[in-house]
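Visitor: I'd like to learn how to read helices, salt bridges and strands in a model. Could you walk me through one?

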Amino acid sequence: MRSKVLLALLLIGILAFSQVNFPTRPVTIIVPWSAGGATDMLFRAVASVFPKYANGQPLVINNIPGAGAVTGTMEFLKAEPDGYTLLSLATPIITKIHWSNVKFTVDDFIPVINIVNDPSYILVNVNSPYKTLEDLLKAARANPETITMGNGGAGGGNHLVALAFEDFVGVKFIHVPYNGGAPAIADLVAGHIDAVMAAAPEGVAQVQGGQLRCLAVLGTQRLIVFPDVPTAKEQGYDFTLGMWRGVAVRRGTPPEIVQALHDIFYKCINDPDFLAKAKEMGSVIHYMDTVTYAKFVREQNAFWENLMKIKKVGEKYGK
């Protein structure tokens, strides 16, 4: 008899877990970079279909740029752990933990779902003298620390990719940080810097519009949006790195809310309208569920910590 009661209670618990009524008001996701950058564009595409799967509630994008994603991340950590304030968790937030002495660690986040994993690529102005990757590297070798390489923030993902790439190929760039990918792209179009290390969808429209040129994709295969641009490996440099982007909530968020959010975003990233936008932006969908994503984030945390300690770069390990 006792076992039957326990089973009934368990079934009631499972039913309640699966039927949590969430959300009942708008959900906000903090993007700790400026509007128009890769993470911002990705989540605006998600937001366009979010109400279909979230009881009609919208996903509100709150851009809080500054300090290489630290300003927005700290604002996120002030919110209640109730699932109504999310963070666009991405590579640059993890790299920033080990670049600077910030007041948060990987333990402050619960990774909910990963959405994309986009290879980085190198962009130059269409009027640049560098027509190929080899042109750029040849000039960098001949004149060390004269070519400016923009990125979306000091200690951010593409900054670290650029540092790792220059070490791999044996050159030195002047790294120019911005508060997000969008302003870096804008300065490249204006001719204020020589190149930018970016990831989809940053610069895609400008390349397709004839303002910028992509020299190499740092992935295992060419991108659909740049079918004629060879990978670095195709050009003799077997180097691959990129940017992953997903959703996180604060530590302490109830597991049933985490599950509800996972299910909503999973439906969003399988929505035909979202997939069409992702294809247009050049984003590479790379779904990971909550357990897989949490494990991946911890692996990434260890990878970037180890790399920066070995290279002795950044404010934290560079002294």
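Guide: Let's start with E299, which counts as partly exposed because its relative accessibility is 42%. Buried means under 20% relative accessible area, exposed over 50%, and partly exposed in between (1.4 Å probe, protein chains only). Before we go on: this is a predicted model, where local features need pLDDT of at least 70 and side-chain atom pairs count only at pLDDT 80 or more, while totals for chains, interfaces and linings use all residues. Residues are numbered from 1 along each chain as its sequence is written, and side-chain values use heavy atoms, with hydrogens and water left out.

Visitor: Which residue does E299 meet in a salt bridge?

Guide: A salt bridge here is a side-chain nitrogen of Lys or Arg within 4 Å of a carboxyl oxygen of Asp or Glu. The side chain of E299 meets that of K295, at 2.6 Å from N to O. Both sit in helix α12, four residues apart, or about one turn of the helix. K295 is exposed, at 54% relative accessible area.

Visitor: Which residues of α12 are buried?

Guide: Y293, F296, V297, Q300, N301, W304, L307 and M308. They cover an arc of only 145° around the axis, so they lie on the same side of α12; the arc is taken from the directions from the helix axis to the C-beta atoms. On the face turned away from that buried side you'll find the exposed residues V291, K295 and I310.

Visitor: And what happens at the start of α12?

Guide: A side-chain oxygen of D289 comes to within 3.3 Å of the backbone nitrogen of V291. Just after the helix, K312 has a positive phi of about 55°.

Visitor: How many salt bridges are there in the whole structure?

Guide: The search finds 13. One of them pairs D107 with R298, with the closest N and O atoms 2.6 Å apart. D107 lies in the loop between α5 (91-99) and β4 (109-125) and R298 in helix α12, so this pair ties together parts that are 191 residues apart in sequence. D107 is partly exposed at 38% relative accessibility, and R298 is partly exposed at 48%.

Visitor: What about D40 and R44?

Guide: Their closest N and O atoms are 2.9 Å apart in a salt bridge, and both residues lie in helix α2 (residues 38-47), four residues apart. D40 is buried at 3% relative accessibility, whereas R44 is partly exposed at 41%. There's also a network of salt bridges linking K52, D271 and D273.

Visitor: Now a strand: is β3 mostly covered or uncovered?

Guide: Mostly covered: six of the six residues of β3 (residues 85-90) are buried. T85, L87 and L89 point one way, and L86, S88 and A90 the other.

Visitor: In which sense does β3 pair with β1, and in which with β9?

Guide: Two strands pair if DSSP finds at least two bridges between them. With β1 (residues 27-31) the pairing is parallel, over three bridges, and L87 is the bridge partner of I30. With β9 (residues 242-250) it is antiparallel, over four bridges, and L87 stands opposite A248.

Key:
Helix = DSSP H or I, 4+ residues; strand = E, 2+ residues; numbered from the N terminus. Polar contact = N/O pair within 3.5 Å; in protein donor to acceptor, adjacent residues only side chain to side chain.
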